[in-house]
Amino acid sequence: MQRLSRRSVSAILRAGGARQRNACSPAVLSNHITEQVAGDDIGARQFSVLTSGRFNTLIPAKSLDLNAGLLLNRRESTNAASNASDSAAEKYEYQAEVSRLMDLIVNSLYSNKEVFLRELISNASDALDKLRFLSVTEPNLLNEGGGDFDIRIRTDQENGIISITDSGIGMTHSELVDCLGTIAQSGTAKFLKALKESKDAGRDSNLIGQFGVGFYSAFLVADRVVVSTKSPRSDKQYTWEGEANSSTYTIREENEPDKLIPRGTCLTLHLKRDDKGYAHPEKISKLVKNYSQFVSFPIYTWQEKGRVKEVEVDDEEATAEAGQDDTTEKKKKIKKVTEKWWEWELTNETQPIWLRTPKEVTTEEYNDFYKNTFNEHLEPLASSHFTTEGEVEFRSILYVPAMAPMGKEEGINLKTKNIRLYVKRVFISDDFDGELFPRYLGFIKGVVDSNDLPLNVSREILQESRIVRIMRKRLVRKAFDMILGISVSENKDDYERFWENFGKHIKLGCIEDRENHKRLAPLLRFFSSMSEEMMVSLDEYIENMKPEQKDIYYIAADSVSSARNTPFLEKILEKDLEVLFLVDPIDEVAIQSLKSYKDKNFVDISKEGLDLGDRNEEKEKEIKQEFGQTCDWIKKRLGDKVASVQISNRLSNSPCVLVSGKFGWSANMERLMKAQTVGDAANYEFMKGRRVLEINPEHPIIKTLNGAYRTSANDDEALRAIDLLYDTALISSGFTPENPAQLGGKIYEMMGLALSSKWGPEPQQAAPQSYGTEALEAEVIEPEVVEPVEADGKK
């Protein structure tokens, strides 16, 4: 064995240690470890330790070459006298076969350095859980160190040192070699396996460690780690020391009285130069609250406290302040001073309410938890607290927020941090992109705590597994139950607020989530021809349907006003049928994705083939015989602009209307797609191509054109009237004219003819000469009466 120099760290002690508790031992007075280096003064430094339990890693590898330059040079002791009392330090190699093992752990397994504290606290929690579990059958394990179960974290900001202490089970010499020297061997995993094989195995053990790399996350921020541990099953205390980028570590027996601890583990991190910011007490407190707030054992952090108090000024100081004026009356001087001290502060005070029975938790407690966890100031619209057992076990509390975040339209497509995932009360992640909730339900907030959720080696990325899929399905179902509860509640304002903020999310779900159409459809709300002020649900629409009505009618437009004044509604309103107004750009796509609701098909009244259930075949046959040739004449004039010209059954006041093909885009969809800057031009032309002109045979204009066809089919004015009729139908039906300027010219020409005949001058060739009123009156000639005369001059 190679003999190494003694390494230790001295602790800073405050004078009057009434408030100070030992960082290495939570059960006894302060014990301290000092570091003595040749040529350096011994400085007092604060020190603490961590637990045993999961100091392993996952990666097996080839043995490292000691001559490959991977080992950190260790200083040899030159002072034999100073080491005379120390036990010989034993040097070991890691039982792994991956070169540059620590480099892989630091740079590959973990994506965020902050998780080192979460992993180490999880190890400490495991050690405490093990001791509590074993003490049931072996009460003597608690003799040393008492019954305190806690975790304490202390920092030395000046020297960049973090010390973590637990009063857990600790480790023996062999356990140090097995757990900290063998990569990928989890002490927790072995413990759980032993419990499983034992007849007395308990199912309620809350051990966290699974993969054995948690301890090595310390090298994310530290270049040297010292572990001092004492097991109640051993009379000796051992110190493990390892360095980053080294293939070896040392274990020595601790004999110095001031370094001994009664039970548990102390872990000291000597931080890297760039990571010394983690030694700030406020930073540590923030990380504990974020990642380990709900660990079942109390976590204390060493924090600086202060208060302002008033003190009397000394007589000499008061005289000096009064100056040289002897007439000044002497009064007692009071000044304010700030008193500072350090003490242990409980950091994880909040208890996880999801572990309690829902009947025991009040609405105020749910709301307070929501506000504190997600930094909200408004109370949620609804909450759901449930436990899932059986094939997959997890506990969860979900909330529906009262308001969407700023930029809510854009927020649909972004990752959210609304679901906080815990594994046995240890925070894992809140960065998900569809693993636990679909994108359109990203506004749902809550916590999920699972005891057996499979995670990858760094416990940050969910594996795509059957358990995750089952969890997702049940969480989505509970979210729908919450929203449905809001929609049927007596307070209608709550669902109006929900729909205003998250209605687009529900519509997006109709497009993306075909499996949940039955849950999404009852949540939809639309304006209608019978309710232009208040939105109606699909269930309310079906209740108001006429007995003979078979379908759910809708029309898509850019506003309620446009939908109300469209010619497609004329005959439907006469029959007192209700039509849904789809005025949001996403509405039409959502309805087309649903296709039907409660065996009622959605029918667009702006498309061909509309059946209102009142067809009279004999009458249709007569009208077709009378206007059939006129329809062909109009089609011939319009050419490829329309696919056909037909007799309409949806018009009562308008002369004609332009309807879309049954499988093509509606006028509203065509307008939206045309506005897309990245749209496919070929696809656009194909989908918009089929249009059908429907004429109203009862309208005077159509009757006049029918007569024009029979008398003068080639008359220019009649043909121009057809063109103007088509262009006008384009606008009234919601389409955009191909040539607006040409259409404007035709309208101006028609206006000129109409106005000139009423108020304008008549043409010159037909106009009489202009005379004044008096001249016209003077030239009036009385008729002359002529007596009849016979041919021979007789009367």
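Helix α16 (residues 617-638) and helix α19 (residues 700-712) have axes that come within 10 Å and cross at roughly 80°, an angle that falls between 65 and 115 degrees, and the two helices are therefore roughly perpendicular to each other. The model is predicted, and its protein chain holds 22 helices and 23 strands. Of the 795 residues in the chain, 49% are buried, and among contacts between residues at least 6 apart in sequence, 77% join residues at least 24 apart.

**The crossing of α16 and α19**

- On the α16 side, the residues that meet α19 are Glu-626, Phe-627, Gln-629, Thr-630 and Trp-633, while the α19 side contributes Ile-702, Leu-705, Asn-706, Ala-708, Tyr-709 and Arg-710.
- Sorted by class, this contact of α16 with α19 comprises 6 nonpolar, 3 polar and 2 charged residues.

**Helix α9 and its surroundings**

- Helix α9 spans residues 466-487, which amounts to 22 residues, and the distance from its first C-alpha to its last is 32 Å, close to the 32 Å expected at 1.5 Å a residue.
- The buried residues of α9 include Val-468, Met-471, Leu-475, Val-476, Ala-479, Phe-480, Ile-483 and Ile-486, and Ser-487 is also among them.
- As background to reading such a list, an α-helix has 3.6 residues a turn, so residues three or four places apart point the same way.
- The packing partners of the buried α9 residues are the strands β10 (382-388), β11 (394-400) and β14 (445-450), together with the helices α10 and α11 (517-520).

- Asn-501 belongs to helix α10 (residues 492-512) and has a relative accessible area of 14%, so it counts as buried; a polar atom of the Asn-501 side chain lies 3.1 Å from the backbone nitrogen of Ala-404.
- His-517 has its place in helix α11, and because its relative accessibility is 13%, His-517 is classed as buried.

**Pro-281 in α5**

- Pro-281 lies in helix α5 (residues 281-291), and with a relative accessibility of 9% Pro-281 is counted as buried.
- Although Pro-281 and Gln-157 are 124 residues apart in sequence, their C-alpha atoms are 7.8 Å apart in space.
- Once neighbours within four places in sequence are set aside, Pro-281 is in contact with Thr-155, Gln-157, Trp-302, Gln-303 and Trp-342.

- Asn-375, in the loop between α7 (363-374) and β10, has a positive phi of about 55° although it is not a glycine; its relative accessibility of 70% is over the 50% cut-off, so Asn-375 counts as exposed.
- Arg-425, in the loop between β12 (419-423) and β13 (426-429), likewise is not a glycine and has a positive phi of about 75°; with a relative accessible area of 6%, which is under the 20% cut-off, Arg-425 is therefore buried.

Definitions and conventions: Residues are numbered from 1 along each chain as its sequence is written. Side-chain values use heavy atoms; hydrogens and water are left out. Helices (H or I, at least four residues) and strands (E, at least two) are DSSP runs, numbered from the N terminus. Buried means under 20% relative accessible area, exposed over 50%, partly exposed in between (1.4 Å probe, protein chains only). A polar contact is a pair of N or O atoms within 3.5 Å; within protein, one must be able to donate a hydrogen and the other to accept it, and residues adjacent in sequence count only if both atoms are side-chain atoms. The expected span of a helix is 1.5 Å times one less than its number of residues. Contact means heavy atoms within 4.5 Å. Axes are lines fitted to C-alpha atoms, for helices over the stretch in contact, and angles run from 0 to 180 degrees between N-to-C directions. Angles under 35 degrees count as roughly parallel, over 145 as roughly antiparallel, 65 to 115 as roughly perpendicular and the rest as oblique. Ala, Val, Leu, Ile, Met, Phe, Trp, Tyr, Cys and Pro count as nonpolar, Asp, Glu, Lys and Arg as charged, and the others, Gly among them, as polar.
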